[in-house]
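This briefing concerns a predicted model.

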Amino acid sequence: YKVSVAPEIDIMEYCRKEWRGNTPVAKRMRKGYEEVAQKFASIRRVRGDNYCALRATLFQALSQATQLPGWLQSEDFTTLPENLLSKYDWIKQWQLKEKLGSKMGEISDEIKECLILLRKKWKDISEIEDPVEKQDACDKLFKNEEEEYSLYEALKFLMLNTAIRLYNDDKNGRSVPVFSWLLFARDTSSNPCQLMQNHLNHIGHSGGLEQVEMFLLAYALQYTIQVYRLYKYSTDEFITLYPNDPEEDWPVVTLITEDDRHYNIPVRMCQETML
């Protein structure tokens with residue numbers, strides 16, 4: 001199997017191996033890593049295959065999960081695919097991983113299975129109290145390729161569901177977060193159908209998550225995603241929050257990126273740090 005999340009390595013050791021030269025970029029990256037190293041001792045490399053933003057976020061969320069989020073407990077959670085398909089015929093064009101042109105019934109059933117798996121894994125891992133055991137359970141899950149990719153399918157579908165809700169809220173005059181306007185201001189995603197066809201269907205296949213889709217992921221999971229963007233070191237975008245005005249009760253996961261395309265995971269907090 002391919003390793004999805006590599007074992008941890010000292011953050012500065014990793015930095016020295018990756019950024020040896022004396023170019024301005026290398027110097028900035030080293031400064032960025034030094035800053036991260038004040039909060040976190042180690043880094044885990046995340047496999048880069050266009051799922052890495054989903055992979056890094058979900059891995060971090062599960063690693064620190066102590067309970068099942070409210071939205072995962074709701075009764076209509078697993079009926080989401082059939083409910084949405086009954087209203088929006090175009091969801092039939094959802095592209096399941098490596099399965100082109102599935103029939104409508106199959107798509108609904110397949111996504112439902114993915115959602116059930118997400119709930120089960122989240123519940124199982126959140127109930128493990130011993131931190132070492134919890135980490136082992138996460139590592140094991142992210143070595144099971146079939147299950148892992150089913151979880152990403154579930155996340156992408158939750159992103160679609162969230163996008164539909166925000167789009168409808170805006171159309172009905174309810175207030176929506178600013179990123180929602182940006183999401184639907186793109187020529188390629190002026191409505192949820194286009195968002196699915198031109199963006200969500202490609203995540204993991206031919207592209208990763210764009211900036212504005214990081215906001216969508218955060219809203220879908222009701223998590224604040226805090227990202228150290230190393231190439232933005234010494235600007236006010238060095239630490240970026242998705243969303244930028246997070247709900248107070250949302251848990252926080254932290255990621256690292258050198259280029260807004262590939263994400264790795266910082267681990268082992270040096271001291272308790274609050275947002």
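In this model, β1 and strand β2 (residues 40-44) pair in the antiparallel sense over 2 bridges. The sheet to which they belong is open and has 6 strands with mixed pairing, in the order β1-β2-β6-β5-β3-β4.

**Sheet**
- β1 (9-10) and β4 (239-242) each have a single partner strand and stand at the edges, so one side of each is left without a neighbour in the sheet.
- Asp10 has Ser42, in β2, as its bridge partner.
- Helix α3 (residues 52-63) packs on the sheet and touches β2, β3 (224-229), β5 (252-257) and β6 (263-269). The direction of α3 makes about 20° with that of β6.

**Nonpolar cores**
- The largest nonpolar core has 76 residues, and Ile91, Trp94, Leu118 and Trp122 have the most contacts inside it.
- Helix α8 (residues 145-171) supplies the largest share of this core, 12 residues.
- Residues touched by Trp94 include Ile107, Phe157, Leu160 and Met196.
- A second, separate core of 14 residues includes Ile9, Cys15, Tyr33 and Tyr228.

**Aromatic pairs**
- The whole structure contains 18 aromatic pairs.
- Trp122 and Tyr223 form a tilted pair, at 6.1 Å centre to centre and with 55° between the planes. Trp122 lies in helix α6 (residues 104-126) and Tyr223 in the loop between α11 (211-221) and β3, 101 residues apart. Both residues of this pair, Trp122 and Tyr223, are buried.
- Tyr149 and Tyr152 form an edge-to-face pair, at 5.7 Å centre to centre and with 80° between the planes. Tyr149 and Tyr152 are 3 residues apart in helix α8, so about one helical turn separates them.
- Tyr149 is buried, with a relative accessible area of 9%, and Tyr152 is buried, with 0%.
- Ring pairs also link Phe179, Phe215, Tyr219, Tyr242 and Trp250 into a cluster.

Terms used:
Residues numbered from 1 in each chain as written. Predicted model: local features only at pLDDT ≥ 70, side-chain atom pairs only at ≥ 80, totals over all residues. Heavy atoms only, no water. Pairing = 2+ DSSP bridges. Helix = DSSP H or I, 4+ residues; strand = E, 2+ residues; numbered from the N terminus. Contact = heavy atoms within 4.5 Å. Axes fitted to C-alpha atoms, helices over the stretch in contact; angles between N-to-C directions. Core = buried A, V, L, I, M, F, W, Y, C linked by side-chain atoms within 4.5 Å. Buried < 20%, exposed > 50% of the residue type's maximum accessible area, 1.4 Å probe, protein only. Phe/Tyr/Trp six-rings, centres within 6.5 Å; stacked < 30°, edge-to-face > 60°. Lists of a residue's contacts leave out its neighbours within four places in sequence.
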